[in-house]
Amino acid sequence: MAQDHIRYDILAQDALRGVIRKVLTEVAATGRLPGDHHFFITFLTNAPGVRISQHLKAKYNEQMTIVVQHQFWDLKITDTQFEIGLSFSDTPERLVIPFNAIRGFYDPSVNFELEFEVPMTDEEETSAEITAIPVEAVAKSSEPAKDDGEEKKEGSVVSLDSFRKKQ
């Protein structure tokens with residue numbers, strides 16, 4: 001097999017992270033989430049560029065999942081990261097999360113999920129090869145979903161075509 005000099009795996013992951021960037025940019029512009037949409041965002045707390053309080057880092061020393069739903073503030077988006085204010089046990093916190101640190105994005109209102117390959121530590125980042133995730137494997141169901149009358153098992157991989165409107 002020929003060597004991939006273009007690195008389609010990296011391009012595909014960057015494009016899918018662009019989906020998250022675009023969605024968060026629209027939320028930041030309006031200051032609220034549309035309809036019943038809300039997001040679970042899982043990220044590596046030790047990834048380069050992540051800024052969270054020492055309290056949160058001690059509690060979540062590898063990865064953390066935040067929920068962006070009713071109470072958030074000061075959502076700011078750049079090309080490489082987002083900043084958000086959230087409350088943890090009635091304590092306001094400011095988080096800075098690079099898009100490259102995100103391992104998962106899930107919107108349960110429409111059962112849409114993206115998963116990313118992210119090295120666990122700085123050492124792994126320099127030594128690990130980036131693994132390509134086929135496009136049909138990036139949309140996953142974390143709850144049993146019905147597709148053409150068949151129930152899929154929890155965590156089963158579904159095609160992006162399952163989310164498209166049929167014409």
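A: Helices (H or I, at least four residues) and strands (E, at least two) are DSSP runs, numbered from the N terminus. From the N terminus on, the order here is α-β-α-β-β-β-β-β-β-α-β-β.

Q: What does the secondary structure come to, then?
A: Three helices and nine strands.

Q: Where does the model come from, and what should I know about the numbers?
A: This is a predicted model, where local features need pLDDT of at least 70, side-chain atom pairs count only at pLDDT 80 or more, and totals for chains, interfaces and linings use all residues. Residues are numbered from 1 along each chain as its sequence is written, and side-chain values use heavy atoms, with hydrogens and water left out.

Q: How much of the protein counts as buried?
A: 35% of its 167 residues. Buried means under 20% relative accessible area, with a 1.4 Å probe and protein chains only.

Q: Which residues have the most contacts inside the largest nonpolar core?
A: Ile-41, Phe-43, Ile-66, Phe-82, Ile-84 and Leu-95, in a core of 31 residues. Such a core is a set of buried Ala, Val, Leu, Ile, Met, Phe, Trp, Tyr and Cys residues joined through side-chain atoms within 4.5 Å.

Q: Take Ile-66. Where is it found?
A: In strand β2.

Q: Buried or exposed?
A: Ile-66 is buried, because its relative accessible area is 1%.

Q: What does Ile-66 touch, beyond four places away in sequence?
A: Its contacts (heavy atoms within 4.5 Å) include Phe-39, Phe-43, Phe-82 and Leu-95.

Key. Buried < 20%, exposed > 50% of the residue type's maximum accessible area, 1.4 Å probe, protein only.
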